[in-house]
Structure formats: structure tokens, C-alpha cells
Amino acid sequence: MGWTVSLSGIHELNSAVRSISCSSCAAVRDAVRAQPLCFSSFIDHSNLQVGRIVAARKLRRVGSQTGKDFVSRILRARSDNAEVSDYETDGAFTTRPTQVQDGLVDNSGESSLPRAVAIQKLGLNLRSERGDVPVLRDCSLNVPEGQLWMLLGPNGCGKSTLLKAMAGLLKPNAGKMFVIGPRSFVFQNPDHQVVMPTAEADVAFGLGRFDLPIDEVRERVHKSLKAVGMDQYAQRPVQTLSGGQKQRIAIAGALAESSRLLLLDELTTYLDRDDQIGVLEAVRSVVGVPQKVTALWVTHRLEELEYADGAAYMENGRVILSGSVAEVEAYIKLKQDELFNRKDSVR
Ligand SMILES: Nc1ncnc2c1ncn2[C@@H]1O[C@H](COP(=O)(O)OP(=O)(O)OP(=O)(O)O)[C@@H](O)[C@H]1O
């Protein structure tokens, strides 16, 4: 017998997972309870073993890509409903909301607006075979609540690293950080997080850790699929969806969990123009003050700036310019012109 993909089937599955009590698989069980990333999209019914089997499968698959440590950090980040990131690494870095005061990191020109993100002089090292590499240095950024901001910069300047630090996936070693919660990280490749057989099952499955009544699950799923314009695809098998549609399902999952900050890492890289616009419009429509949703969107595509309320530009591990979209766009165009002129002069 296979698991049904109806909402009540998913609800039943979530209850089964919550009741797994085998101590030898405690770590997997905790991970599974925390978030559905550990589940394979292919689920065989095997009594209460189901969570263990599919989680182990999925963990093995993810483990070979990025390492279990990374997975466990993702789980922690997704299950973190705290208002504030509170990292304590070797005593060097502590975040307290009271330490973030107006004017401290005011490079956005938006100091009168409440902030979803306030980062001051963040430092973060990553370990490589040649030792610790400083990836973020003195990195500061403010993002006002209820806005869509884009984060741009050359390859390797630290955009994804900054986003991961905000999500709690990487630990900074210096600076101060306030990041509103709950927050969700949406990956470039939706196949890394859309894991259930149908669109609505995927959104519902993410709610498993909250132990909600089925009616509330139903309502949240419907509302969040509608918010990203995917309600008519609720029953569609995920493998029949386009990349952009899957991205919208991933965003719906975050909204269903009441995320107030969407951390979006190059969502449109693999998408064609139609899907790109579909995802941009979906994010644009869910961001805002009444909805209390803020989004930070990493991109290389200048044309996406027209959807943004603000922008920031990074170079060498720090934000060197942030605030108005027009200013950031003008700066990037100037840099591009300089580059092309230099190329012309060496011909
Ligand atoms: N696990 C790691 N270990 C060591 N160095 C890393 C690791 N991950 C990233 N880096 C380095 O950190 C720097 C910043 O990487 P990051 O992915 O944050 O840049 P990015 O601005 O998002 O780049 P892109 O636009 O190409 O995606 C790069 O020099 C990268 O090589």
C-alpha cells in the first residue's frame, strides 16, 4: 500500500513521523520532525518505519552532496522561530536586539522604517584546505520590513554566504546581527527542497512539525498556494511542474509556515523568461507591510531590479552600496562600462 497524496494522507504521515520512537534513529527522527527536507519524494508505506526509511535515504543523498553538518544547520534554521539570531561563537559574537539601535548601521537611508534585517560589521570565515578564509569582512546591511530588496555583486563576493549567515546556516565570527523571524531560505535549485509528490502535499508536509489540526493545515496550504498563484496546481505531481512553478511551491511552503523573511538565493538562474517573471511576481505579491513579509533576493540579473524596493551591492565580502535601486543600478552600469572600455583598450 502506498501513502495517498491527499492532505489527510500527508497529515497522517506527519503524525506517524511524530510518533516514531526508536531510540537508535533519534537523530533522524528529530531531523524529520524539524523539517521535511529529509524526506524522499518517494514514500513507501511501512508502518511507523516510514519516517526512518525515507529520512535515511534522503539524508544519504543530501549527505553525499553537502555533508550532514550542513543539513543539520538547514534543519535548525528552518525550525528556528526566534525573532533574533543569537549566535555565540567562541564568545566573539553575540546578537542582542537591544544592541541594534537606529543609526548604528545606517547605510540604507531608511532609518525611520522598522527593520527586518540590521547587520553591523559582520565577519565570517570559511574553512578551506588552505585554512580559514575570510569571506565576509565588516559587512553591514539594513533591510526595512515589508520590502523586497535585491542583493547583487560579482561572483564570489559573498552574497550567498551573507544570506546563509542570516538564515543561521553559517556562523559569523564578528559583528552584530538582527534578523526577523520566522525566516526561510529558498535555494537556487527547487529540487533540493520540493520533495513531496504533489504541490499541496509539499506545502502541507512542511507544516508537520507544528502538529496543527487538519482544517488549519488545509487553510494554510490553500492560502499560501493562492498567494503565489499556484492554487490551481494543488494536486499536480511536482515532477510535472516547471522550475519556476516549483520555486513558487517552495515559497508557498515558507509562507504556510508564517515566515516573515524570505531569503531567496538566485531563484531564477535556471528559469526561462516566463518562469522568471512568474516567480518575481509571486514574490512581489506576497511582500509588503500588511502581510508582514520581507524578502532579500540574490541575483545577477539587472532586469529584476525593477521589481525591487531597494538594493545592495557587495564587493570583496562587504556591502559597498545600499539603498535606492537607481543608485545601485547606476553604479553597476558604470562598472560594466569601465570593464568594456578596458577590454576595448587591450584589443
Ligand atoms: N565551503 C566553503 N569553503 C571555503 N570557501 C568557500 C566555501 N563556500 C564559499 N566559499 C568562498 O567564499 C566566497 C564567497 O562565496 P559565495 O558563494 O558567498 O559568493 P557569491 O557572491 O554568492 O557568488 P556567486 O555569485 O558566484 O554565487 C567565494 O570566494 C567562495 O569560493
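How many bridges join strand β3 (residues 148-152) to β7, and do the two run parallel or antiparallel?

Modeller: Four bridges join β3 to β7, and the two strands run parallel. Before going on, note that this is a predicted model, in which local features need pLDDT of at least 70 and side-chain atom pairs count only at pLDDT 80 or more, while totals for chains, interfaces and linings use all residues. Residues are numbered from 1 along each chain as its sequence is written, and side-chain values use heavy atoms, with hydrogens and water left out.

Some terms come next. Helices (H or I, at least four residues) and strands (E, at least two) are DSSP runs, numbered from the N terminus. Two strands pair if DSSP finds at least two bridges between them. By these rules the protein has ten helices and nine strands.

Strand β7 covers residues 294-298. Together, β6, helix α9 (residues 273-286) and β7 make a right-handed β-α-β unit. Right-handed means that, with the strands pointing away from the viewer, the path from the first strand over the helix to the second runs clockwise.

Next comes burial. A residue is buried under 20% relative accessible area, exposed over 50%, and partly exposed in between (1.4 Å probe, protein chains only). Five of the five residues of β7 are buried, so the strand is largely enclosed by the rest of the structure. In a regular strand the side chains alternate between the two faces of the sheet. In β7, Thr 294, Leu 296 and Val 298 point one way, Ala 295 and Trp 297 point the other way, and all are buried. For the protein as a whole, buried residues make up 52% of the 347 residues.

A nonpolar core is a set of buried Ala, Val, Leu, Ile, Met, Phe, Trp, Tyr and Cys residues joined through side-chain atoms within 4.5 Å. The largest one has 49 residues, and those that touch the most other members are Met 150, Leu 152, Ile 251, Val 283 and Trp 297. Helix α8 (residues 243-256) gives the largest share of this core, seven residues. A second, separate core of 33 residues includes Leu 136, Trp 149, Leu 263 and Met 314.

Contact means heavy atoms within 4.5 Å. If neighbours within four places in sequence are left aside, the contacts of Met 150 include Leu 280, Trp 297, Thr 299 and Tyr 307. Over the whole protein, among contacts between residues at least 6 apart in sequence, 71% join residues at least 24 apart.

One more residue is worth a look. Ser 224 lies in helix α7 (residues 214-227). Ser 224 counts as buried because its relative accessibility is 4%. Beyond four places in sequence, Ser 224 is in contact with Val 203, Ala 252, Leu 255 and Ala 256.
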